[in-house]
Amino acid sequence: MATIAFLGTGLLGSAFAEAASQRGDTVTAWNRSADKAQALAQFGVIAAKSPSEAVRDAQRVHLVLKDDVVVEEVLAAARPGLSADAIIIDHTTTLPALTAARAQRLQAEGIHYLHCPVFMGPPAARKALGTMMVAGPRELFYSVEAELKKMTGRLEYMGERADLAAINKLFGNAMIIGVAAVMSDVLTMARASHVSAEEALKLFEFLDLNAIASGRGANMAKGDFTPSFELAMARKDVGLMLETAVNRPMAVLPQVATRMDQLIAAGHGADDFSVLGIDAQQTPS
C-alpha cells in the first residue's frame with residue numbers, strides 16, 4: 001500500500017481521499033478550510049495543518065484544486081515537505097498554456113509532475129468509475145499507471161505533451177456544458193408549450209447524439225459543409241424555437257440565431273448548418 005497526500009478536499013478531492021483510504025493506502029489530506037479535511041477522519045484519513053506537513057513522506061501527491069493560481073500557491077507551500085522522489089498528480093482543471101509552462105518549470109527543477117484531469121463526479125470517484133486523462137513523461141506515467149488505474153474506470157494516456165490532457169479536459173467540459181445549455185432551452189420551450197419536462201426529455205431517447213457528433217463533426221473538422229440541412233432552413237427552425245419560448249430567457253439559441261444571421265449575410269445560407277464551425281478552419285493570424 002502507498003503513502004499518499006491529497007491537497008484540496010472539496011467534493012471531488014474528499015471522494016478521492018476517502019476511496020484511497022478504503023483501498024488501504026495511508027492518506028494525509030490538507031484543505032484551506034480545515035474542517036473539510038478533518039471530516040475525512042471517519043474514513044481513516046489524517047488531516048494535516050499545512051501542505052508541507054501533508055506531503056511529508058508521501059510517494060504521490062494529488063492536487064484537486066480550483067485553478068492555476070491556487071495550484072501555484074499550494075505547490076509553493078508544499079515544497080518544503082516534498083520528498084525528492086515524490087510524484088505530483090495534478091487533477092485540477094487548468095489553462096493549457098499555464099499547465100505546459102508549469103510542467104516545464106517543475107521538470108527543470110527536478111520535480112516529477114503529471115497532469116491528470118478527470119471526467120467524474122464524487123460518486124464516481126468513490127467507486128473508481130469515470131475517466132482520467134494523463135499527460136507528461138511516458139516513463140513517469142508507467143511508474144504510477146497501476147495505481148492510477150485503481151482510481152478510475154478508464155485511464156487514457158494522452159502523450160508526453162504536457163498540456164494535452166488540459167486541452168482535452170476543456171473540450172469535454174465544453175461538450176458537457178453545451179449539451180446542458182441546449183437542454184435548458186428545450187425545457188424552456190417545453191414549459192412555454194405546456195409540455196412536462198419529463199416528456200420533453202424523452203426526445204433524447206430518439207436522437208443518436210454520438211452519431212451526430214462523429215458524422216457531422218468529422219465533416220466540420222475537414223471543412224466540408226456540403227448541405228444536408230441548409231443553414232437558411234436551420235435558421236428558420238431556430239426562429240420557430242425562439243417564438244415557441246415566447247420571450248422567456250434562453251441560454252444558447254439566441255446566440256446561435258445571431259451567428260447564423262451573420263453567416264447567411266456572408267453568403268453561407270445554402271451551406272450545411274454546420275458551417276457554424278467555419279471559424280475553426282481559419283488560420284490564426
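Predicted model: local features only at pLDDT ≥ 70, side-chain atom pairs only at ≥ 80, totals over all residues.
Residues are numbered from 1 along each chain as its sequence is written. Local features need pLDDT of at least 70, and side-chain atom pairs count only at pLDDT 80 or more.

Two packed helices are described by the angle between their axes and the distance between the axes. The axes of helix α8 (residues 164-192) and helix α11 (residues 231-245) come within 8 Å and cross at roughly 55°. Helices here are DSSP runs (H or I, at least four residues), and strands are runs of E with at least two. Angles under 35 degrees count as roughly parallel, over 145 as roughly antiparallel, 65 to 115 as roughly perpendicular and the rest as oblique; α8 and α11 are therefore oblique to each other.

Where they meet, Thr 188, Met 189 and Ala 192 in α8 are in contact (heavy atoms within 4.5 Å) with Met 241, Thr 244 and Ala 245 in α11. Thr 188 is buried (under 20% relative accessible area; exposed is over 50%, partly exposed in between, with a 1.4 Å probe and protein chains only), having a relative accessible area of 15%.

The structure also holds 4 aromatic pairs, that is, rings of Phe, Tyr and Trp (its six-membered ring) with centres within 6.5 Å; planes under 30 degrees apart count as stacked, over 60 as edge-to-face and the rest as tilted. Phe 6 and Phe 16 form a stacked pair, 6.4 Å centre to centre with 20° between the planes. Both Phe 6 and Phe 16 are buried. The rings of Phe 141 and Tyr 142 lie with centres 5.8 Å apart and planes at 45°, so this pair is tilted.

Notes: Heavy atoms only, no water. Axes fitted to C-alpha atoms, helices over the stretch in contact; angles between N-to-C directions.
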